[in-house]
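Come along as I look things up, one entry at a time.

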Amino acid sequence: MIDEVRSILSKIGEDPSRNGLTNTPKRVDRALRFLTSGYQADVDEVLNNALFSVDYSEMVIVKDIDFYSLCEHHLLPFFGKCHVAYIPSTKVIGLSKIPRLVDVFSRRLQVQERLTNQIADTIREKISPLGVAVVMEATHLCMSMRGVEKQNSFAVTSAMQGAFRTSARTRMEFLELIKLRSAVPGVREGYPANLACVVDD
């Protein structure tokens, strides 16, 4: 894609041959290939048999996972924190594999809502837990750099499945443990299990 990047530089009014831009097409090529490396990743290979049979049925949480992704609408970054929880039935996932799973799906062209569901769906498919929950909070540069230009806004999305969907108590325990309760207005008994909101500071 080096030639294409060089062409884009010309079309926005730059000189691709000037000193500061000579190697930019190569750098952009490498950067985009890394940022979209999730397309080449194999989930089973990433998990690498790190699925273990256990006699444990309490909530497992991995929170504050940093993630970086590209908005598929403008190819601008969005980034933030991902919080993952599940209640095992017969198997657990090695803890270090969950952030890697987040990377697999975030390193693609994405929308936050789909990204959230892909992580939850994969955990459900791989270990059949009693429930799985994923909450993502992110800053979108397509909102803060362009368009509405709201620099202090962030988006919160969630996917709640199994016990997290059917039990308000389980859902609230999870949100309390990740300290997002105050950032998610309206989460209470009877509130829809699938949440998508934008919070403006």
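Which residue's side chain meets that of Asp-103 in a salt bridge? I looked it up in this model, which is predicted, and found Arg-107, with 3.9 Å from N to O.

Next I noted a network: Asp-121, Arg-124 and Glu-125 are joined by salt bridges that share partners.

I searched the whole structure for salt bridges and got 10. Among them is the pair Arg-18 and Glu-14, whose side chains meet at 2.9 Å, N to O. Arg-18 has 38% relative accessibility, so I put it down as partly exposed. Glu-14 comes out at 32%, again partly exposed.

Another entry goes to Lys-126 and Asp-44, a salt bridge whose closest N and O atoms are 2.7 Å apart. Lys-126 sits in helix H5 (residues 112–127) and Asp-44 in helix H3 (residues 43–47), so this pair ties together parts 82 residues apart in sequence. I have Lys-126 as partly exposed at 28% and Asp-44 as partly exposed at 47%.

Now for the strands. Is strand S7 largely enclosed or largely open? I counted 9 of its 10 residues (153–162) as buried, that is, under 20% relative accessible area, so the rest of the structure largely encloses S7. Strand S6 (residues 131–140) runs antiparallel to S7, and 8 bridges join the two. In that pairing, I found Glu-137 opposite Val-156 of S7.

How values were computed
Residues are numbered from 1 along each chain as its sequence is written. This is a predicted model: local features need pLDDT of at least 70, side-chain atom pairs count only at pLDDT 80 or more; totals for chains, interfaces and linings use all residues. Side-chain values use heavy atoms; hydrogens and water are left out. Buried means under 20% relative accessible area, exposed over 50%, partly exposed in between (1.4 Å probe, protein chains only). Helices (H or I, at least four residues) and strands (E, at least two) are DSSP runs, numbered from the N terminus. Two strands pair if DSSP finds at least two bridges between them. A salt bridge is a side-chain nitrogen of Lys or Arg within 4 Å of a carboxyl oxygen of Asp or Glu.
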